[in-house]
Amino acid sequence: MPAKLSVNLNAVAMLRNRRDLPWPSVTGLGRIALAAGAHGLTVHPRPDERHTRFSDLPELRALIDDEFPQAEFNVEGYPTEDFLQLVEKHQPDQVTLVPDDPAQATSDHGWNFVEHHAFLTSIVKRLKQGGFRVSLFADPDPAQVSAARDTGTDRIELYTGPYGACHADSEKAGKELEKLEKTADAAFAAGLAVNAGHDLVVANLPALARRIPTLAEVSIGHGLTADALQYGMAETTRRFLRACGWQVQGPGA
């Protein structure tokens with residue numbers, strides 16, 4: 001089965017937040033993406049709410065519950081107490097923990113699982129006791145996988161930024177793909193499922209899907225939102241689904 005597609009709505013929220021207006025609608029575009037076949041929605045509600053606002057979460061939770069019960073809601077963020085209470089309130093299907101400083105523009109590295117082992121283990125335990133599936137953001141480094149597994153997490157999310165940055169250099173892209181594949185293999189051997197995300201686009205997704213055919217999920221925001229300005233959200237969602245390997249009918253098929 002190809003990797004499931006979770007549409008990250010942060011870039012949509014950032015565009016909305018430029019003006020004190022209700023459009024573009026984060027929930028409305030999430031609805032279009034799910035209706036076009038996306039398997040879930042992702043948000044990263046940062047403390048300053050510069051992207052997704054806290055008020056978006058109950059609307060998105062209700063959208064999935066009421067209209068797309070087969071879809072999943074993924075909330076990612078740095079695990080402060082405020083963040084943990086936020087996810088416990090809004091009950092996402094998956095919680096993805098990232099080592100972000102609040103001032104970072106975007107997630108740009110994975111956890112050091114050895115250094116942060118005790119901290120992450122306690123957070124993962126709390127979340128799993130609450131019934132959440134947990135994924136931890138990870139650099140493509142097989143040596144870190146055993147420490148990630150020992151936190152009790154269900155999944156890791158491979159940080160694909162370095163791979164995405166190689167769009168003009170096939171040789172470098174091949175080397176980055178090898179790192180990602182080796183890390184995924186180590187994770188599977190350790191009993192972990194593997195997600196991926198960051199700077200993934202229609203052009204580079206197929207190669208990643210071929211190298212890691214058992215990839216569980218990709219979470220994509222910036223590139224997908226950029227394409228939506230050209231193709232519309234529905235057709236863009238279908239384009240990304242096809243790039244993952246799904247057989248999708250509709251315009252452009």
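This is a predicted model: local features need pLDDT of at least 70, side-chain atom pairs count only at pLDDT 80 or more; totals for chains, interfaces and linings use all residues.
Reader: What makes the contact of Glu178 and Lys182 a salt bridge?

Author: The N to O distance between the two side chains is 3.2 Å. The cut-off is within 4 Å, between a nitrogen of Lys or Arg and a carboxyl oxygen of Asp or Glu, so the pair qualifies.

Reader: Why is Glu178 called partly exposed?

Author: Its relative accessibility is 36%. Buried means under 20% and exposed over 50%, so Glu178 falls in between. Lys182, with a relative accessible area of 46%, is partly exposed as well.

Reader: How do you know that Glu171 and Lys175 meet in a salt bridge?

Author: Their N to O distance is 3.9 Å, and because the limit is 4 Å, the pair counts. Both residues lie in helix H8 (residues 170-189), four residues apart.

Reader: Is Glu171 buried or exposed, and why?

Author: Glu171 has a relative accessible area of 56%. That value is over 50%, so Glu171 is exposed.

Reader: What does the salt bridge of Glu181 with Arg211 tie together, and why?

Author: The closest N and O atoms of Glu181 and Arg211 are 2.9 Å apart. Glu181 lies in helix H8 and Arg211 in helix H9 (residues 205-211), so the bridge ties together parts that are 30 residues apart in sequence.

Reader: Why do Glu181 and Arg211 count as partly exposed?

Author: Glu181 has 23% relative accessibility and Arg211 has 29%.

How values were computed:
Residues are numbered from 1 along each chain as its sequence is written. Side-chain values use heavy atoms; hydrogens and water are left out. Helices (H or I, at least four residues) and strands (E, at least two) are DSSP runs, numbered from the N terminus. Buried means under 20% relative accessible area, exposed over 50%, partly exposed in between (1.4 Å probe, protein chains only).
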